[in-house]
Amino acid sequence: MRQRQKLAPALLRWYDSHRRDLPWRAPPGARVDPYAVWLSEIMLQQTTVATVKGYFERFLTRWPTVEALAAAPLEEALAAWAGLGYYARARNLHACAGAVARDHGGRFPSTEAALLALPGVGPYTAAAVAAIAFDQPCAAVDGNVERVVTRLYAIGTPARRAKPLIREKVEAMMPAARAGDFAQALMDLGATVCTPRAPGCGACPWSADCAARAAGTQEAYPVKEKKAEKPKRRGGIFILERGEETLLSRRPEKGLFGGMSAFPSTPFTRDVAPDEQLAFAPCAADWRALPEPVSHVFTHFALTATVFTARTKSPKAPGANCRWASRANLDREGLPTLMRKAALLAGLI
């Protein structure tokens with residue numbers, strides 16, 4: 001293994017020639033926008049770069065500053081987030097924008113510790129923003145970095161338990177300057193060269209130093225723990241139409257799809273058997289089950305939901321949190337992905 005001071009320069013030379021062109025990155029030598037860095041890092045949690053690009057650009061066009069996002073109604077932020085999943089991130093995003101605007105004069109704090117105190121900012125995000133936006137020497141360890149480092153040092157402990165060791169290894173390689181570029185270079189190396197399958201070792205600046213490559217065991221790292229099978233639940237979704245309108249309900253602020261517009265449904269916190277589902281319909285009607293259900297995999301469970309449809313002439317929306325929405329505008333309601341699947345199945349969009 002080369003000395004510590006040689007690893008970072010080799011990686012930074014590679015990065016200067018191979019860095020990804022991403023919409024939240026400033027061009028070489030340009031000033032980085034901490035708001036853009038933070039926004040992208042929140043969006044990228046458990047989501048691919050390809051998916052995030054469009055959302056990021058739409059958010060930044062609509063809310064170009066953290067103060068603008070803080071001033072926006074939560075409902076609008078949630079609707080703009082629809083389809084990115086993990087909706088607690090959107091609520092935390094809005095809360096964090098409010099905290100930065102209110103408590104920090106619209107400027108993101110520059111230290112890892114101060115960033116960690118913001119709503120929805122965990123250890124990785126705090127380190128990434130501190131490093132990328134403020135050039136602080138912080139070890140930002142995401143999945144790509146875990147893969148690179150566990151291969152480089154042949155770390156045989158499952159990645160979840162090896163996080164402190166991985167962070168220690170990254171800190172030991174940290175250069176005295178260009179901490180932000182180093183953090184992004186590690187991410188890019190994992191995303192484009194040191195990939196999960198068929199890594200391109202011939203293009204890697206650390207190829208000669210990689211313990212896993214020397215042993216021919218690159219794809220054995222990072223070591224994974226066996227995942228428990230996700231519980232399976234059943235439920236129902238109710239699409240009630242009135243003329244050219246359909247019934248939507250506002251979900252409670254806490255819990256699944258918190259604060260978002262959705263079709264009325266059974267609870268998703270437990271399994272609801274088919275013979276129980278109609279008891280949760282928003283009103284009495286001639287409910288008909290569509291032949292095919294919709295399926296969706298959440299973080300902690302997999303759901304199969306029957307979609308029920310009915311029509312009514314009642315002018316009043318049943319339920320305190322329900323309202324009639326124009327069918328023509330459903331695409332602009334910001335429905336969660338599960339509800340959009342139900343709308344597509346029912347032919348509403």
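Predicted model: local features only at pLDDT ≥ 70, side-chain atom pairs only at ≥ 80, totals over all residues.
**Exercise 1. In which loop does Ser-265 lie? Describe its surroundings.**

Step 1. Residues are numbered from 1 along each chain as its sequence is written, and side-chain values use heavy atoms, with hydrogens and water left out.

Step 2. Ser-265 sits in the loop between β3 and α13. Helices (H or I, at least four residues) and strands (E, at least two) are DSSP runs, numbered from the N terminus.

Step 3. Check burial. Ser-265 has a relative accessible area of 15%, so Ser-265 is buried. The classes are buried under 20% relative accessible area, exposed over 50%, and partly exposed in between (1.4 Å probe, protein chains only).

Step 4. List the partners. Neighbours within four places in sequence are set aside; Ser-265 then contacts Gly-236, Ile-237, Phe-238, Arg-251, Phe-280 and Met-339. Contact means heavy atoms within 4.5 Å.

Step 5. Look for a polar contact. The Ser-265 side chain makes one with the side chain of Arg-251, at 3.3 Å. The term covers a pair of N or O atoms within 3.5 Å; within protein, one must be able to donate a hydrogen and the other to accept it, and residues adjacent in sequence count only if both atoms are side-chain atoms.

**Exercise 2. Work through the salt bridges.**

Step 1. Take the total. The structure holds 22 salt bridges. Each is a side-chain nitrogen of Lys or Arg within 4 Å of a carboxyl oxygen of Asp or Glu.

Step 2. Take Arg-234. Its side chain meets that of Asp-271 in a salt bridge (2.7 Å, N to O). Arg-234 lies in strand β1 (residues 232–242) and Asp-271 in the loop between β3 (261–262) and α13 (274–277), so the pair ties together parts 37 residues apart in sequence. Arg-234 is partly exposed at 37% relative accessibility. Asp-271 is partly exposed too, at 31%.

Step 3. Take Glu-76. A salt bridge joins its side chain to that of Arg-62 (3.3 Å, N to O). Glu-76 is in helix α5 (residues 74–81) and Arg-62 in helix α3 (residues 49–62), 14 residues apart.

Step 4. Take Lys-232. Its partner is Glu-229, with the closest N and O atoms 2.5 Å apart. Both Lys-232 and Glu-229 are exposed.

Step 5. Find a network. Salt bridges link Asp-16, Arg-178 and Asp-181.

**Exercise 3. Pick out the backbone features.**

Step 1. Find the cis bond. A cis peptide bond joins Tyr-221 and Pro-222, with omega about -5 degrees. Pro-222 is in the loop between α12 (211–215) and β1.

Step 2. Check phi at Arg-178. Phi is near 60 degrees, a positive value in a residue other than glycine. Arg-178 is in the loop between α10 (159–173) and α11 (179–192). At 29% relative accessibility, Arg-178 is partly exposed.

Step 3. Check phi at Gln-46. Phi of Gln-46 is near 60 degrees, again positive in a residue other than glycine. Gln-46 is found in the loop between α2 (34–44) and α3. Gln-46 counts as exposed at 59% relative accessibility.
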